[in-house]
Amino acid sequence: MQGMGAGLGALAAAGPLFNANKAFAAREKELNILCWEGYNSAQVLDPFRSKTGATVKAESLTNDPTMINRLRAGEVNTWDLINVNNPWARKVMLPEKLIKPLPKAEFEPFFETMLPMFKPPYKWAMSENGSELIGMAQRFGPYSYVVNTDKVSRKTAEDTGWDLFNDPALAGKYGILESDDWNVFNIFIIAGIDPFKTHTPDELAKFEETAKRVFKGAKLIGDIASMNQALISGEIDLHMTGGTYSVSPARADGYPNLRGITPLKGPLPGGKGGIAWIEITSTVNNPNLSPLALDFLKYVQAPDVAHTVAFAEGTFNPVSQMGNKACFDLFTKDELDAIQWDSLQEEMDRSAEYDIVPDYDKALDLMNAAKRLRG
């Protein structure tokens, strides 16, 4: 800290080359957010814009590694907040100094009113040694696959698990949601392999064979909207990757027969059958961080704003703030049904938490090659 102070003093003494006060003042009314969809919604951002008079820009991507690579490429100077899945803050971004810790005394109390699984010290919001608070948890959910229960019953889907995608009778009756990292996870699981470990050559060969078969058997590959439409029209009976996050808009539109499924068992640690994601939002290690970054993180903790985040345009999801009765009571019966609240806890219990695949790049190359074979 003494060295930092001396450095700033020297730059300030240089006169017009550097004016720290002016630099920071210039960002008092500017906030830039790199995120998954939802936080870029006008429903979430417009009230904050009105409240602060700020210019708020949010860019949504659908891949955590891409967002992180953009910070690595120099965009730490652009963004103030980054919103990604749970392991990246703790295992990658903090060690690489891409994000900075939050003031613990200000933010840790918010966890006290969250759902029980998020009570402090919540693992994914803390540094590896547990000393620093590195992000805030909000949206989460189980994410494995989705079925039309009129075609594949919930019981059959949960009992059979990932072997559904090994059944030759279902070839041509399922879709694949475009999501590289999740599809890598799921092809490992369909092959009976834990994705979150370093894999042997034999395991990678089995992954490759499974990827070729699974992609060959898919009726279509597409985004969330196309998967839900194909389920509704009867073009497909099920799809991987999927869950509450992807199917909730269709359920909210009156199709409760479409349901995210978490298998009862699988090859994940502890015999768990599915994977759950938990988003962590962190402050970027921007040398000119907007003071509005911390204000926004507090803003989205409020019960009404957390409910808006849960039901922002696009997809609908449970939020950690539902542990606060003032937030939970804002959810209607239909909204709770859309996010499968009835089975949420049991599905989270039988899910492993999203993690990083050590040899992801190798697996991704094999999967993309298998995808190209479709022609």
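Q: How many disulfides does a search of the whole structure find?
A: The model is predicted. A disulfide needs two cysteine sulfur atoms within 2.5 Å. The sulfur of C35 has its closest cysteine sulfur in C327, at 19 Å, which is too far for a bond. Across the whole structure, the number of disulfides found is 0.

Q: Is C35 buried or exposed?
A: Buried means under 20% relative accessible area. C35 has a relative accessibility of 0%, so C35 counts as buried. C327 has a relative accessible area of 0% and therefore is also buried. The term for C35 is buried.

Q: Where does N257 lie, and is N257 buried or exposed?
A: N257 sits in the loop that runs between α11 (244–252) and β9 (258–261). The cut-off for buried is under 20%.

Q: Which side chains make polar contacts with the side chain of N257?
A: Leaving out residues up to four places away in sequence, N257 touches V147, N148, T149 and D150. Two of these residues have side chains in polar contact with the side chain of N257, at 3.1 Å for N148 and 3.2 Å for D150. A polar contact requires N or O atoms within 3.5 Å. The side chains asked for are those of N148 and D150.

Note on methods
Residues are numbered from 1 along each chain as its sequence is written. This is a predicted model: local features need pLDDT of at least 70, side-chain atom pairs count only at pLDDT 80 or more; totals for chains, interfaces and linings use all residues. Side-chain values use heavy atoms; hydrogens and water are left out. Buried means under 20% relative accessible area, exposed over 50%, partly exposed in between (1.4 Å probe, protein chains only). Helices (H or I, at least four residues) and strands (E, at least two) are DSSP runs, numbered from the N terminus. A polar contact is a pair of N or O atoms within 3.5 Å; within protein, one must be able to donate a hydrogen and the other to accept it, and residues adjacent in sequence count only if both atoms are side-chain atoms. Contact means heavy atoms within 4.5 Å.
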